[in-house]
Amino acid sequence: MSKAHTLALYSDFEEAGRAIQELKSANLQGFKMDDVILKSPIEHPELSEMLGSRPVYVQFFTLAGAVLGSSIGFTLIASAQANFLVQIRGGRPIVPLPPDLVITYELFILIGVFMTVLGCFIGWKLPGNRSPIYNTSISEDKVGILVKAEAQTIPQINEIFNRHQPLEIIGEQGR
Amino acid sequence: MIHTTDERDIEVERRFVPKAKDINDEIAWAQINKDVLRSMERPRMMYWVIFLASLALFSFGVYCEVRQYQSGLGMADLENPQVWGLYIATFIFWIGMSHSGTLLSAILHIMHADWRKPIYRFAEAMTTFSLMTAGLFVLVHLGRVWQFYYVVAYPNERWTWPNFNSPLVWDATAIGTYLTSSIVFLYFGMIPDLAICRDNAKGFRRKFYWLLSLGWQGTDRQWANFRVTYLTVACFLIPLAVSVHSIVATDFAVSQQPGWHITSFPPYFVAGALYSGCAAIITLFIILRYVFRFEEYMTMPILDKTCRLTFAIAMVWTYLNLIEYASVWYGSDPYAKETLIFRATGTYAPYWWAMNFLGSVVPFALAFKSLRNHIPTMMVVSLLLNLGMWLERFMIVTPTFAHGYYPWTWTGNWWPSWIQWGIVAGSFGWFTMLFMLFCKIFPAVSMYEVKEMVYHRFMARKARAS
């Protein structure tokens, strides 16, 4: 069965919310809520909640970055010091902990930040996988609901959209 | 006040009723886009005046640096014991300036202070460009610029012997981390706005913003990941900012020089950093508000809040300053006490008293609402505060070198050469030039966050009506 997309544009979050509620309760064949994407100029957590659980995994990348950063930081410095025994230490430790902790701390933050942002990019599924229909008015003041469903279900979905006074419905076939 | 018994309404009130009217809550979202995008295309003529003046200043700084590079540090009158001069004083000044971006953006973001939204973007840009300017002084003060790699922490297989126990190496690492993280934070927070630019641009600019916006379409998944990431990076940046200026303070505090070997130096430096940064935010706020016609977004209530925040930080700085004097005065180190007396009564006394007056007395102007709401007064006050903070850094570096342990090294009448002044002036030109370019190419006001502000106020109005 071929899949198709349809995007409905609304002027406010409330109408979009009602449309999502109706989509959810309609139990249409060839359509599931996981395939609904909300597009909006600002974040709207309440409306996103209606779409169901969509976990974010960024914090795991942060944790990995923090652990990796501090390990790399300390290992780099300690190995450089331990590798250079020609330096006369005068009885002081070859790998002194307090001063090494400063650079360890900085790398903990640096790699933590990098990994966090990397986690976000992976969450966005970069570099590919753009969602297929977009309208520039979404970045201005409109709210869009993008649905992917079986081609024969699209008219029913559009009917639901139409019941909530959309500004426009944009379709795209064949995906 | 809303008097409802319905739980949902109470929840709405808790979440959406703002404390004060910071911006016009009836402004349309499309209008926000239009105003900010217009600012990038058609600023007032004053923009070009400032840009060209800063370009001229920067060019003069480059000329001075070239002369110093060709003839050596002697051109700048840098010799023992005055080996740092204005360069390191100005380096600390610029590092300090960078802290307010983190304060306004990260700390106030975590505290859900809505009023930061129209002004945090330029404060973040200020952070980035201040750090870039500060980095230049590390190069400039070396004289032998090509030997910069000695201060960077890297494995020493080449036997160049980087001293990992030196605060100067920590400094380079901390500043490098802060600059990188600040750029990431600034860019990442701008992605939704870059998508707005992409959707409204044509030709080459459209391609440029398309590339930078990373395919942003405002989907629920993008927003969810974006929010978590932005908050997490903000949480990383706060301890990082504190660590950076603490480490700069240890450059001084771990030395044996009288007047520097003081335990309270790190918090004193951090407070001074936030102070000078906040004063600079007031200056840039007033300039941007006029140049880019941002009267609707950079409003008087927001200026009022920024001024109050600056006043609070000024008082913290004043307290730490007094603590420093008291601990030296009542301590058992006669050399440190002698240096303090030299600062207050010696050759540099006028600058010491000016620093104390500008840093601790002038900020009381911020305590009066009538003055806080008078833009020309605030412009002058913010410039004076920054002059005071620059003098603070000058007073940390110069009198200490001029009056060390050995009387035969005393250089009580040392004064920087015009080359040093030229390079310092050039750094202000460099910073202003980069900052103005940024505001022309990228949105200086965060459009999506201002929309959120307006939306929350709309919800509050609705809650009141119901």
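**Close-up views of a predicted two-chain model**

**View 1. Ser181(B) lies in helix H7 of chain B.** In this predicted model, the residue Ser181(B) has a relative accessibility of 1% and therefore counts as buried. A polar atom of the Ser181(B) side chain lies 2.8 Å from the backbone oxygen of Thr177(B). When neighbours within four places in sequence are left aside, Ser181(B) is in contact with Leu237(B) and Leu240(B), and also with Leu110(A) and Val113(A) of the other chain in this view.

**View 2. Chain B and chain A meet with 53 residues of chain B in contact with 55 residues of chain A.** The size of an interface is often given as the accessible area lost when the parts come together. For chain B and chain A the buried area is about 5100 Å², and carbon and sulfur atoms give 64% of it. Within chain B, the residues that lose the most area to chain A are Gln217(B), Asp220(B) and Phe236(B), which together make up 15% of what that side buries.

View 3. On the side of chain B that touches chain A, the elements giving two or more residues are helix H2 (29-41), helix H7 (167-200), helix H9 (220-253) and H17 of chain B. Of these, H9(B) gives the most, with 17 residues. Sorted by class, the side of chain B that touches chain A has 27 nonpolar, 16 polar and ten charged residues.

**View 4. Ser446(B) is found in the loop between helix H16 (418-441) and helix H17 (447-465) of chain B.** Is Ser446(B) buried or exposed? With 0% relative accessibility, Ser446(B) counts as buried, because the limit for that class is under 20% relative accessible area. The side chain of Ser446(B) makes a polar contact of 3.3 Å with the side chain of Tyr120(B), and another polar contact, of 3.5 Å, joins the side chain of Ser446(B) to that of Arg121(B). Leaving aside neighbours within four places in sequence, Ser446(B) is in contact with Tyr120(B) and Arg121(B) as well as with Lys117(B) and Asp193(B).

View 5. Cys278(B) counts as buried at 1% relative accessibility, and Cys439(B) is buried with a relative accessible area of 1%. A search of the whole structure, over all chains, finds zero disulfides.

**View 6. Leu76(A) has its place in helix H3 (residues 58-82) of chain A.** With a relative accessible area of 42%, Leu76(A) is partly exposed. Leu76(A) and Asp100(A) are 24 residues apart in sequence, while in space the separation from C-alpha to C-alpha is 9.8 Å.

Notes
Residues numbered from 1 in each chain as written. Chains lettered and ligands numbered in written order. Predicted model: local features only at pLDDT ≥ 70, side-chain atom pairs only at ≥ 80, totals over all residues. Heavy atoms only, no water. Helix = DSSP H or I, 4+ residues; strand = E, 2+ residues; numbered from the N terminus. Buried < 20%, exposed > 50% of the residue type's maximum accessible area, 1.4 Å probe, protein only. Polar contact = N/O pair within 3.5 Å; in protein donor to acceptor, adjacent residues only side chain to side chain. Contact = heavy atoms within 4.5 Å. Buried area = accessible area lost by both parts, 1.4 Å probe. Nonpolar A, V, L, I, M, F, W, Y, C, P; charged D, E, K, R; others polar. Disulfide = S-S within 2.5 Å.
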